[in-house]
Amino acid sequence: MEIQQKQVQMLKASGKPGRYIPSEKYFALHDFIILLIKNKKVITLFELLELAKVQWSTARDADIPCMLLYVKQDMEAREILRTEYCINRIPYITFNNSRHSKFLKQIINSVNLQFIH
């Protein structure tokens with residue numbers, strides 16, 4: 001017997017539909033990124049990955065850094081975040097104003113949540 005699990009279909013950087021990820025994992029990573037940026041206003045990609053390693057150091061899932069990058073890319077495709085590069089080419093991540101609440105309304109209305117077998 002197979003149990004259905006809610007999934008979120010993420011977007012690729014081009015805006016086209018991308019891979020699916022369990023909604024529980026997606027929102028844990030999404031919220032982690034949002035809270036970090038709310039507290040720091042801007043964060044480097046390196047800091048984001050290092051803090052994620054600390055946060056999920058006991059997690060069995062070895063794909064946390066990879067999934068974190070997919071979620072970050074999805075959030076950029078949805079215009080929630082943006083990555084800017086400084087002179088030294090270090091990527092800095094910050095909010096792309098006013099898009100975050102629009103995305104959450106879409107998720108709440110189950111636009112991108114689907115049941116996958």
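Which residues does Ile-33 touch, not counting residues up to four places away in sequence? In this predicted model, Ile-33 touches Leu-48, Leu-68, Val-71, Lys-72, Met-75 and Leu-81, where contact means heavy atoms within 4.5 Å. The model is predicted, and local features need pLDDT of at least 70, side-chain atom pairs count only at pLDDT 80 or more, and totals for chains, interfaces and linings use all residues. Residues are numbered from 1 along each chain as its sequence is written, and side-chain values use heavy atoms, with hydrogens and water left out.

Ile-33 is also among the residues with the most contacts inside the largest nonpolar core, which has 22 residues. Such a core is a set of buried Ala, Val, Leu, Ile, Met, Phe, Trp, Tyr and Cys residues joined through side-chain atoms within 4.5 Å; buried means under 20% relative accessible area, exposed over 50%, and partly exposed in between (1.4 Å probe, protein chains only). Strand 1 (5-11), helix 1 (23-40), helix 2 (45-55), helix 3 (64-77) and strand 5 (91-95) each supply at least two of its residues. Helix 1 gives the most, with seven residues. Helices (H or I, at least four residues) and strands (E, at least two) are DSSP runs, numbered from the N terminus.

The aromatic pairs come next. Rings of Phe, Tyr and Trp (its six-membered ring) pair if their centres lie within 6.5 Å; planes under 30 degrees apart count as stacked, over 60 as edge-to-face and the rest as tilted. By this rule there are two aromatic pairs. The ring planes of Tyr-26 and Phe-27 stand at 90°, with centres 5.3 Å apart, so this pair is edge-to-face. Phe-32 and Trp-56 also form an edge-to-face pair, 4.9 Å centre to centre with 65° between the planes. Phe-32 lies in helix 1 and Trp-56 in the loop between helix 2 and helix 3, 24 residues apart.
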